[in-house]
Amino acid sequence: MDNDVSAGGTTTIAGRLALGITLLAFGLGYTDVIDGVTAADAVSIAHYIGGVALFVAGLFAFRDRDAGTGTAFSVLGAMWFTWAVTDAGSANAAGLFYLLFALVVLSLAAAGGDQLARGTYGLFLVGLVLMAVAAFADSGSLTKAGGWFAVAAGAVAWYAATAALAHWPTVLPKRAAGRGVTAAG
């Protein structure tokens, strides 16, 4: 495996940890996999870690002249803070919020970055779209599926931060040109 550990500086690592923990708490709250744990239990984590800490990490990234990371973390921090302090009022309002949140995450995924950032944003995008459709259609099974995608996104974000700290691989190995499966005979 390639041991490229260029997953960013301390600001990126702290931001990815905050995003990972927030996504794990948020997603697990919607999966019903832990008895008695709901999405409402993720509100304080989303408020302080996902909202405040991620927003501050974004400001530090801007200070370090990292516009991509600064934009991602500050916008996601603002979105998590809003999710935590806002009562959606109706299922359609919640669906609209998830859909708008998904558009932001789509922009982040399209902006590029390393494989782990794109993986995090891509998985979270799918989760948010599923949750938006679930809110509009009142579908508990789609909500759970969206929660699982958020859990997967959180695991990828957590791995990205931990890998950078522990010097684990952060990129998938590339095959050499011309080396692949060949047909016998």
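## Close-up views of a predicted helical model

The model contains three salt bridges, a salt bridge being a side-chain nitrogen of Lys or Arg within 4 Å of a carboxyl oxygen of Asp or Glu. This is a predicted model, in which local features need pLDDT of at least 70 and side-chain atom pairs count only at pLDDT 80 or more, while totals for chains, interfaces and linings use all residues. Residues are numbered from 1 along each chain as its sequence is written, and side-chain values use heavy atoms, with hydrogens and water left out.

**View 1. The salt bridge of Arg16 and Asp114.** The closest N and O atoms of this pair are 2.8 Å apart. Arg16 belongs to helix 1 and Asp114 to the loop between helix 4 and helix 5, so the bridge ties together parts that are 98 residues apart in sequence. Helices are DSSP runs (H or I, at least four residues), numbered from the N terminus. Arg16 is buried, at 9% relative accessible area, whereas Asp114 is partly exposed, at 25%. Buried means under 20% relative accessible area, exposed over 50% and partly exposed in between (1.4 Å probe, protein chains only).

**View 2. The salt bridge of Asp32 and Lys144.** Here the N to O distance is 3.8 Å. Asp32 lies in the loop between helix 1 and helix 2 and Lys144 in helix 6, so the pair ties together parts that are 112 residues apart in sequence. Asp32 is partly exposed, with a relative accessible area of 48%; Lys144 is also partly exposed, at 36%.

**View 3. The largest nonpolar core.** A nonpolar core is a set of buried Ala, Val, Leu, Ile, Met, Phe, Trp, Tyr and Cys residues joined through side-chain atoms within 4.5 Å. Among the 35 residues of this core, Trp80, Trp83, Tyr98 and Tyr121 touch the most other members. Helix 4 gives the most to the core, with eight residues.

**View 4. The aromatic pair of Phe26 and Trp83.** Rings of Phe, Tyr and Trp (its six-membered ring) pair if their centres lie within 6.5 Å; planes under 30 degrees apart count as stacked, over 60 as edge-to-face and the rest as tilted. The ring centres of Phe26 and Trp83 are 5.1 Å apart and the planes stand at 80 degrees, so the pair is edge-to-face. Phe26 in helix 1 and Trp83 in helix 3 are 57 residues apart. Both residues belong to one aromatic cluster, which also includes Tyr30, Tyr98 and Phe124.

Terms used
Helices (H or I, at least four residues) and strands (E, at least two) are DSSP runs, numbered from the N terminus.
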